[in-house]
Amino acid sequence: MRTPSGPFDRGHTEDLMSFLAASPSPYHAVASAAERLEKAGFRQVEETDAWDGTSGGKYVLRGGAVVAWFVPEGAAANTPFRIVGAHTDSPNLRVKPQPDTGAHGWRQVAVEIYGGPLLNSWLDRDLGLAGRLSLRDGTSRLVNIDRPLLRVPQLAIHMDRSVHTDGLKLDKQKHMQPIWGLGDDVHEGDLIRFLEEETGLGEGDVTGWDLMTYSVEPPAFLGRDRELVAGPRMDNLLSVHAATAALAAVAAQEDLPYIPVLAAFDHEENGSQSDTGADGPLLGTVLERSVFARGGTYEDRARAFAGTVCLSSDTGHAVHPNYAERHDPTHHPRANGGPILKVNVNNRYATDGAGRAVFAAACEKAGVPFQSFVSNNAMPCGTTIGPITAARHGIKTVDIGVAILSMHSVRELCGADDPHMLANALVAFLEG
């Protein structure tokens, strides 16, 4: 175990595991983040209310997104921002508008594939169900059935021996519908009535839903020396948790030269184009309203944005010992080697040399090592909210994260020290 050089140590990683378990959907993730911010003295502001220019910590919730910021005492209207960006969503199986289905004596739930999950990792898992229920009276309610409720059963090897020679082939429509009971008749409304009963609502109260499945197996330390963590949704709740903790830590300090910000968006896994995604107006609107609430003008807004830097924090790929040839031969990020700086000259990541210098300074201040990641030239590179944030708002953006294995699996794997090293680097960045 590394000796911590900032406010966070292995206890931060244990808290991350609690955060993951409490956040089976983006809506639960922002509620978990808000709870931590409230304990740090932040208060929620409504987008429909007039905002004032008072100092202190504030946050906005919109669906599965949260933007939080801390205004230091006496901050000028043109004070630049230091932003940590992340996303709250993960690939999974989401419930369709007409969920009740089944065949041959099995009751099933109709699901749609969200994002790009490793489908095989969802087979033969005990799945819970979580998300948001929209009610007839215009309110919403979080729901979490945290017990084995559904299962996507794999076909027995005896019925498809070609798996050994041709590999497992899954049809997203035919093979991924989970079972949740027995019965010859499909009764429309069964699933929603079950959820109404589970949450103490009346029949017919629920008129809309955003529901998703998740593995109920809890996060756990792994390995002989417990130096690894296995768990769900690390991509990218690991970054959301670290950024929330870092913002809360920085908010207790005085004489901050910047306004520290957390921006955790939904829908990154399918392109970020929504009112709660990074390609929407949420972040820009919040930052502008903060400037104007402190008596600023458009000139102040332009000056503040010109001096702003965003760290887009998302998980990246640790070198895989069984597939090392898939990685760049000279860039092999390792677990517990510190956060990674993600670079792609074709702008799939937003990092440039100046951005590298900003992140290097933060890591040096925190006493945290960092690593570099680039994709193998023969393989396509993924992307993040980084380029979107830079292009939409015209602010300097740097892509970073933690190196993991099994990205987009129902359970992912990281080093147990990397989460707190990331959080310490984020504290140093937000402090300026």
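Predicted model: local features only at pLDDT ≥ 70, side-chain atom pairs only at ≥ 80, totals over all residues.
Figure 1. Once residues up to four places away in sequence are set aside, leucine 262 touches Val66, Val67, Ala68, Val84, Ala243, Thr244 and Leu247. Leucine 262 and cysteine 310 are separated by 48 residues in sequence, and their C-alpha atoms are 9.6 Å apart in space.

**Figure 2. Aromatic pairs, with phenylalanine 81 and phenylalanine 305 in view.** The structure holds 6 aromatic pairs.

**Figure 3. The aromatic pair of tyrosine 349 and phenylalanine 373.** Tyrosine 349 and phenylalanine 373 are arranged edge-to-face, with 6.5 Å from centre to centre and 65° between the planes. Here too the pair links distant parts of the chain: tyrosine 349 is in the loop between strand E16 (340–342) and helix H8 (353–366), while phenylalanine 373 is in strand E17 (residues 371–373), and 24 residues separate the two. Tyrosine 349 has a relative accessible area of 5% and is therefore buried, and phenylalanine 373 counts as buried at 4% relative accessibility.

**Figure 4. Arginine side chains over aromatic rings.** Arginine 301, whose place is in helix H7, lies over the face of phenylalanine 305, at 3.9 Å from the ring centre. The relative accessible area of arginine 301 is 16%, so this residue is buried. Beyond residues up to four places away in sequence, arginine 301 touches Glu288, Val291 and Phe292. In another arrangement of this kind, arginine 289 lies over the face of tryptophan 51, at 3.9 Å from the ring centre.

**Figure 5. Helix H6 and the elements that cover its buried residues.** Helix H6 (residues 282–293) has 12 residues, which should span 16 Å at 1.5 Å a residue, and its end C-alpha atoms are 16 Å apart, in agreement with that value. Leu282, Leu283, Gly284, Val286, Leu287, Ser290 and Val291 are buried in H6. The cover over these buried residues includes strand E2 (56–62), strand E3 (65–71), E4, E13, H7 and helix H9 (386–393). Just after H6, glycine 295 adopts a positive phi of about 85°.

**Figure 6. Helix H2 and the glycine that follows.** Helix H2 (residues 26–39) consists of 14 residues and reaches 20 Å from its first C-alpha to its last, close to the 20 Å expected at 1.5 Å a residue. The buried residues of H2 are Pro26, Tyr27, His28, Ala29, Val30, Ser32, Ala33, Ala34 and Leu37. Glycine 41 follows H2 and has a positive phi, near 95°.

**Figure 7. Isoleucine 400 within the largest nonpolar core.** The largest nonpolar core has 56 residues, and those with the most contacts inside it are Ile400 and Leu426. Helix H5 (residues 234–250) provides the largest share of this core, with 10 residues. Apart from this core lies another, of 27 residues, among them Ile113, Leu119, Trp122 and Ile145. Leaving aside neighbours within four places in sequence, isoleucine 400 is in contact with Leu311, Ser312, Ser313, Asp314, Ile340, Leu341, Lys342, Phe359, Leu422 and Leu426.

**Figure 8. Cysteine 310 and cysteine 381, viewed for their sulfur distances.** The count of disulfides comes to 0. Cysteine 310 is in no disulfide, and the nearest cysteine sulfur, that of cysteine 363, is 15 Å away. For cysteine 381 the closest cysteine sulfur is in cysteine 310, at 17 Å, which is too far for a bond because a disulfide needs sulfur atoms within 2.5 Å. Cysteine 310 is buried, with a relative accessible area of 2%, and cysteine 381 counts as buried at 12% relative accessibility.

Technical notes: Residues numbered from 1 in each chain as written. Heavy atoms only, no water. Phe/Tyr/Trp six-rings, centres within 6.5 Å; stacked < 30°, edge-to-face > 60°. Helix = DSSP H or I, 4+ residues; strand = E, 2+ residues; numbered from the N terminus. Buried < 20%, exposed > 50% of the residue type's maximum accessible area, 1.4 Å probe, protein only. Lys NZ or Arg CZ within 6 Å of the ring centre and 35° of its normal. Core = buried A, V, L, I, M, F, W, Y, C linked by side-chain atoms within 4.5 Å. Contact = heavy atoms within 4.5 Å. Expected span 1.5 Å × (residues − 1).
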